[in-house]
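The following paragraphs lead through a structure step by step, beginning with a single residue and widening to the whole. Please keep the sequence and the model in view while reading.

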Amino acid sequence: MFQACTDPDTLDGLAWLACYLTNGKHIAFYGSFLTVLSLLAITAPVALAFGFGGAVAARSRIAPLRWFGQAYTAIVRGVPDIVFFLFFVIALDQGFEWLRHKVKCPGWDQPIRQGSDFIVCAEAKLPLSSSPQWVHEGYGFGLAVLTFAIVFGAFAANVLSGAMRAVPRAQVETGEAYGMTHRQTFWRILVPQMWVYALPGLSNLWMILVKATPLLFLLGVEDIVYWARELGGAKTNIYAYPHPDWRLWYFLGLLVFYLGLTKVSEIVLARINDRLSLGQATAAGEARRRRAAA
Amino acid sequence: MKKLILTTTAAAMLTAGAATAQDVVRLGTEGAYPPYNFINDNGEVDGFERDLGDELCSRAERECEWVTNDWDSIIPNLVSGNYDTIIAGMSITDERDEVVDFSENYLPPAPSAYAAMTDSLDLGNAVVAAQTGTIQANHVVDTGATLLEFPSPDEIVAAVRNGEADAAFADKDFLADVVEQDSQLMFVGEDVSLGQGMGMAFRESDPELRETFSEAIVAMKEDGSLNEMITEWFGDGAPTFE
């Protein structure tokens with residue numbers, strides 16, 4: 001990176017450290033923090049949408065939709081995360097490729113499964129094996145987001161459907177007394193009021209999601225834990241910057257990062273909770289009203 | 001469901017423009033086993049297998065791309081088509097041969113060795129660290145020692161340093177640098193020769209690609225360039241081809 005870093009063997013002390021901390025590998029390490037943060041930023045709303053869809057489906061008056069919503073939450077919540085992350089992603093990837101194979105190569109006469117091999121025609125590969133590495137990485141990241149969203153969506157669905165039931169019946173009844181339809185009471189009364197009941201559960205989920213990001217490496221995405229382990233491991237002279245086992249320091253860095261992230265989350269969630277309590281018939285809402293009146 | 005469709009179409013759009021005249025060969029490696037393969041300080045794949053793979057690709061006139069993957073799932077990802085070959089210090093064994101097909105070996109059988117902090121060790125009775133899913137791990141079980149498995153090679157050495165294991169068992173070429181640069185570590189016991197050398201692994205349904213690379217390896221053996229490369233990376237004492 002810097003001119004002075006061309007020959008690391010001649011460096012010592014701070015200059016060595018400065019060069020070491022700015023080599024290509026460390027830049028990739030710093031970049032992986034962005035990967036994790038963007039995963040969180042994308043996954044959280046998508047998972048919430050899945051959860052909302054699941055919760056609505058589970059209380060639907062149409063039986064097949066209700067069964068689907070209930071099966072989704074029951075199955076995904078019951079399967080261990082690690083099984084889901086190891087098995088589901090490969091199955092999902094193969095499912096996409098199989099669909100594309102059916103569409104793009106109708107004339108293909110060989111079996112798709114040959115022993116342990118999974119063979120689709122070259123045009124159906126996802127991504128195409130000729131596409132550049134960043135497309136492969138982007139695809140892996142997309143699969144990761146989808147998998148996380150499905151898993152956390154199931155938990156969110158359960159939280160949200162509990163929250164929907166927690167909204168006082170009298171509130172909905174009042175709406176009905178004003179002549180609102182079922183749909184109107186749902187969107188105008190139930191949904192705006194349920195969030196305050198959902199928030200404790202959702203904030204737990206968010207915290208768990210933050211800590212679950214190391215599972216990314218199982219999905220082939222090089223995340224901060226992968227790089228911390230790779231960079232921290234003892235390096236012999238074959239590397240330009242040999243050093244003993246420094247994993248402790250790297251993992252301490254990750255500890256600070258995760259603690260910082262959860263602290264910031266707590267502050268933000270506390271604010272959201274305060275705002276949502278406004279005008280609610282809950283203890284927090286009452287406290288807020290008194291504070292405002294005083 | 002909408003999300004599913006969106007992802008598929010997005011990926012399809014991204015890849016629609018790419019040319020498919022000659023497919024790129026994707027080389028899968030672990031990137032954690034110096035000097036065979038490792039991620040250098042610029043974050044790129046480096047090592048003996050990087051040099052070898054690049055040379056083989058240019059001889060076969062194929063465009064190649066390097067991909068890293070965890071050792072644990074390196075074979076499943078090959079057979080499900082995420083890359084086209086494994087070149088990761090993988091020894092040719094009958095067990096693996098049932099799932100994948102190996103090329104001509106590019107390294108002759110090399111010794112595996114034990115590294116430990118003390119030479120007064122009863123290896124048949126010790127706790128020995130080895131990497132999961134390696135021929136070394138299988139061998140440790142056969143000797144009757146207690147096997148301690150780790151997912152990466154670096155961790156087996158760390159386990160010996162912090163006393164979790166009595167000895168680490170791995171390819172001697174990997175341990176050589178480690179032992180040389182750590183005054184506390186030493187080789188103990190006899191070297192063991194395992195496997196049938198190292199080769200590239202291919203899907204069983206992909207015989208043409210395997211043939212292409214096998215031919216290139218044979219050509220490199222015949223003109224002596226493979227031996228030169230071995231000596232360059234593993235030193236003068238390393239076993240070479242006749």
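Val127(B) is partly exposed, because 16 other C-beta atoms lie within 10 Å; a residue counts as buried with 20 or more other C-beta atoms within 10 Å of its own, as exposed with 12 or fewer, and as partly exposed in between, the C-beta atoms being placed from the backbone. This is a predicted model, in which local features need pLDDT of at least 70 and side-chain atom pairs count only at pLDDT 80 or more, while totals for chains, interfaces and linings use all residues. Residues are numbered from 1 along each chain as its sequence is written, and chains are lettered from A and ligands numbered from 1 in the order in which they are written.

Val127(B) belongs to strand E9 (residues 127-131) of chain B. Helices (H or I, at least four residues) and strands (E, at least two) are DSSP runs, numbered from the N terminus. Leaving aside residues up to four places away in sequence, Val127(B) touches Thr146(B), Leu148(B), Ala165(B) and Asp166(B); a contact requires that the C-beta atoms of two residues, placed from the backbone, lie within 7 Å. Pro109(B) is 18 residues from Val127(B) along the chain, and their C-alpha atoms are separated by 25 Å.

Chain B is divided into domain 1 (23-108 + 197-234) and domain 2 (111-193), with bounds that come from an automatic or database domain assignment. The centres of the two domains, taken over C-alpha atoms, are separated by 25 Å. Their contact takes 12 residues from domain 1 of chain B and 12 residues from domain 2 of chain B. On the domain 1 side, these comprise 7 nonpolar, 3 polar and 2 charged residues. Here Ala, Val, Leu, Ile, Met, Phe, Trp, Tyr, Cys and Pro count as nonpolar, Asp, Glu, Lys and Arg as charged, and the others, Gly among them, as polar.

The sheets come next. In chain B, 5 strands form an open sheet with mixed pairing, in the order E5-E1-E6-E13-E7; two strands pair if DSSP finds at least two bridges between them. Strand E5 (64-68) and strand E7 (101-102) of chain B each have a single partner strand, so one side of each is left without a neighbour in the sheet. Within this sheet, strand E1 (residues 25-29) and strand E6 (residues 85-86) of chain B pair in the parallel sense over 2 bridges, and Gly28(B) stands opposite Ile86(B) in E6(B).

Another open sheet of chain B has 3 strands in the order E2-E3-E4, with antiparallel pairing. Its edge strands are E2 (32-33) and E4 (45-46). Strand E3 (residues 37-39) of chain B is joined to E4(B) over 2 bridges, with Ile39(B) opposite Val45(B).

What does chain B contribute to its contact with chain A? It supplies 36 residues, and chain A supplies 38 residues. H1(B) gives the most to the chain B side, with 6 residues. By class, that side has 13 nonpolar, 12 polar and 11 charged residues.

The mean pLDDT of chain B is 86, and 91% of its residues reach 70 or more, pLDDT being the predictor's confidence in each residue, from 0 to 100. In chain B, confidence is lowest in H1(B), at a mean of 42, and highest in strand E13 (residues 201-202), at 95. Where pLDDT is low, the predicted coordinates should not be read in detail. For the complex, the predictor gives an ipTM of 0.73 and a pTM of 0.77.
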